[in-house]
Amino acid sequence: MFTRTYLDWNATAPLRAEARSAVSSALEVSGNPSSVHTEGRAARKLVEAARAQVANAIGAKIDSVVFTSGGTEANAQALVPSWSLAGYACGRLVVSAIEHPSVLAGGRFATPDMLQAPVTSDGVLDLGKLRGLLRTGGPALVSVMLANNETGAIQPIAETAAIVHEAGGILHVDGVQALGRIPLNVATLGADLVTLSAHKIGGPKGVGALVVCNANLQLPPALIRGGGQERSRRAGTENVAGIAGFGAAAAASAIKGPSETKHMLRLRDRLEAGLAATEGVTVFSTAAARLPNTTLFALKGIRAETAVIALDLEGIAVSSGAACSSGKVQPSHVLAAMGVNEELARGAIRVSTGYATKEGDIDRILETWRKLSGVLRKP
Ligand code: PLP
């Protein structure tokens, strides 16, 4: 029988059994969470239980969690000039050069008010350059991801928070790829705002959260206005089933996270030891702390889009750079920011695993890669 091997967990993770069961039970609850009758209260109970599960998974206060339609919307909610701390509004936005496109788009900041902070050749934020950018120009909202979706490089958030706060700014952290893969506790992270997405941890697609960790932040006007849902921070009848699935996935990944991380790390080592056997393979960000599940590698002379199709035909799903930008054949902005040569960057293939990935899946891609890499390489 022809079986598929799914190695694209950073694009989306398969639904966890706990999330599937929470979603299907919630679909049977017919009430609107804003209604006061019994049916409405049953739906409200599911939303609030999920809020507690998400908050507990990251050590946050329950009412700091605002449910959104996903990570993209949470980023858009966060990136507004009108958050203010101690009476000062942040007039400009500083983002790391390797952020997800939903952050690079800048939310509601005008283009002239946006600056990019460079990264090192390992794909880690250059803290000295960030400090320099914040030295003049007034308080800034700074957005830095906890872990990069392409390379897996983990960013120095505690140090970043110290620099941003010393300069009177506000720190937003996109934690979408980190959640469930490395410890994420808002009490120690130092961020004022954190973005999460359900579908990267085995929850359903189309649901996420913005976590407002700093109670002293004065809230800007909501991005989506209408009814008073989510304490008037995000209007619209809640996606009850999606939220219930998010809560269940967050609870499951909080319990299983440490052992899943060890498992993914073993698989990553196995993969990278196998890749080292192909002459000329570059694995990116190896000198940085990385997510346990992510390997971005390239071989000069190979086009990633051709390799992804060839692997797909062999039954293996991987990605070329970020899935959100697949389809557009452009070298990755992350590798460009790291100063990687464009020709090599065009061959970058991302393998990302999860708790259900098996050693046999890694052996399969390595075997297939050995067969294909010579054929795909341009003379
Ligand atoms: N932030 C990062 C780092 C991501 O990897 C993604 C999705 O790939 C997002 C944000 C967007 O999340 P969502 O797909 O829930 O909109």
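Figure 1. Buried residues account for 55% of the 379 residues in the protein. Keep in mind that what you're looking at is a predicted model. Follow the C-alpha trace along its principal axes and you get a span of about 65 × 55 × 35 Å.

Figure 2. Take the contacts between residues at least 6 apart in sequence: 72% of them join residues at least 24 apart.

**Figure 3. Helix H9 alongside helix H13.** Here we zoom in on a pair of helices: H9 covers residues 240-275, and H13 covers residues 359-376. Their axes come within 10 Å and cross at roughly 15 degrees. Angles under 35 degrees count as roughly parallel, and H9 and H13 are therefore roughly parallel to each other. As for handedness, the crossing of H9 and H13 is right-handed.

**Figure 4. The residues where H9 and H13 meet.** On the H9 side, you'll find Leu 267, Arg 270, Leu 271, Gly 274 and Leu 275. They meet Glu 359, Ile 362, Asp 363, Ile 365, Leu 366 and Trp 369 from H13. Sort this contact by class and you get seven nonpolar residues, one polar and three charged.

Definitions and conventions. Residues are numbered from 1 along each chain as its sequence is written. This is a predicted model: local features need pLDDT of at least 70, side-chain atom pairs count only at pLDDT 80 or more; totals for chains, interfaces and linings use all residues. Side-chain values use heavy atoms; hydrogens and water are left out. Axes are lines fitted to C-alpha atoms, for helices over the stretch in contact, and angles run from 0 to 180 degrees between N-to-C directions. Helices (H or I, at least four residues) and strands (E, at least two) are DSSP runs, numbered from the N terminus. Angles under 35 degrees count as roughly parallel, over 145 as roughly antiparallel, 65 to 115 as roughly perpendicular and the rest as oblique. A crossing is left-handed if the near helix is turned anticlockwise from the far one by less than a right angle, and right-handed if clockwise. Contact means heavy atoms within 4.5 Å. Ala, Val, Leu, Ile, Met, Phe, Trp, Tyr, Cys and Pro count as nonpolar, Asp, Glu, Lys and Arg as charged, and the others, Gly among them, as polar. Buried means under 20% relative accessible area, exposed over 50%, partly exposed in between (1.4 Å probe, protein chains only).
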